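Here is a short report on one protein model.

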Amino acid sequence: MSQLDTTQWKLLSFNEFSLDELYQVLKLRVDVFVVEQNCPYPELDNKDRLPGAKHLLGLNAQGELIAYTRILPAGVSYPEASIGRVIIAESARGKGIAHALMQRSIDVVKDLWPQENIQIGAQQHLNHFYQQQGFINNSEMYLEDGIPHIDMLLTLKPS
């Protein structure tokens with residue numbers, strides 16, 4: 001059985017985190033976004049605790065966090081709902097978990113806010129990955145914390 005097949009998914013609001021879950025999430029976010037990507041920036045941005053913010057956690061069979069996204073309602077980061085802080089732990093990369101994580105995140109938005117599209121700020125080198133999820137580019141490249149990014153949109157509601 002693959003790691004993807006045994007991944008347990010949890011959707012939490014901030015106040016539903018156990019202390020251990022919160023520690024795992026913050027550690028993974030800092031390990032990847034600050035240390036691995038060598039990008040000192042304020043990782044804790046006060047959006048985690050906002051009303052409507054959701055956190056999707058993927059845990060392996062041992063209960064270790066291997067996948068994570070933060071899902072925000074419209075009007076927080078963008079006029080549309082958004083999915084951000086997309087992370088796969090280094091030990092779980094290359095196993096298809098990122099696609100499952102994004103599909104589950106998209107499904108959460110569809111369930112919570114069926115009238116919303118989804119806007120993301122993607123690292124430019126992941127453009128093709130997000131296009132596979134149905135996102136289309138809707139900005140020029142810009143630097144965010146020294147890393148090339150591009151805004152992308154997934155249209156869910158009819159225009």
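## A polar pair

The side chains of Thr69 and Ser105 form a polar contact at 2.8 Å. A polar contact is a pair of N or O atoms within 3.5 Å; within protein, one must be able to donate a hydrogen and the other to accept it, and residues adjacent in sequence count only if both atoms are side-chain atoms. The model is predicted: local features need pLDDT of at least 70, side-chain atom pairs count only at pLDDT 80 or more, and totals for chains, interfaces and linings use all residues. Residues are numbered from 1 along each chain as its sequence is written, and side-chain values use heavy atoms, with hydrogens and water left out.

Thr69 lies in strand β3 (residues 65–72). Strands (E, at least two residues) and helices (H or I, at least four) are DSSP runs, numbered from the N terminus. Thr69 is buried, at a relative accessible area of 0%. Buried means under 20% relative accessible area, with a 1.4 Å probe and protein chains only. Not counting residues up to four places away in sequence, Thr69 touches Lys54, His55, Leu56, Ile83, Gly84, Arg85, Val86, Leu101 and Ser105. Contact means heavy atoms within 4.5 Å.

## The strands

β2 (residues 54–59) is mostly covered, with six of its six residues buried. Lys54, Leu56 and Gly58 point one way, and His55, Leu57 and Leu59 the other. In a regular strand the side chains alternate between the two faces of the sheet.

β2 runs antiparallel to β1 (residues 8–12), joined by five bridges. Trp9 has Gly58 of β2 as its bridge partner. Six bridges join β2 to β3, again antiparallel. Two strands pair if DSSP finds at least two bridges between them. Leu59 is bridged to Leu65 in β3. The β2–β3 hairpin has five residues between the strands, and Gly63 takes a positive phi near 85°.

## Helix α3

α3 (residues 97–112) has 16 residues. Its buried residues are Ile97, Ala100, Leu101, Met102, Ser105, Ile106, Val108 and Val109.

## The core

The largest nonpolar core has 41 residues. Such a core is a set of buried Ala, Val, Leu, Ile, Met, Phe, Trp, Tyr and Cys residues joined through side-chain atoms within 4.5 Å. Its largest share, seven residues, comes from α3. Ile83, Ile118, Ile120, Tyr130 and Phe135 have the most contacts inside the core.

Beyond four places in sequence, Ile120 touches Tyr78, Ile83, Tyr130, Phe135, Ile150, Asp151 and Met152.

Terms used
Expected span 1.5 Å × (residues − 1). Buried < 20%, exposed > 50% of the residue type's maximum accessible area, 1.4 Å probe, protein only.
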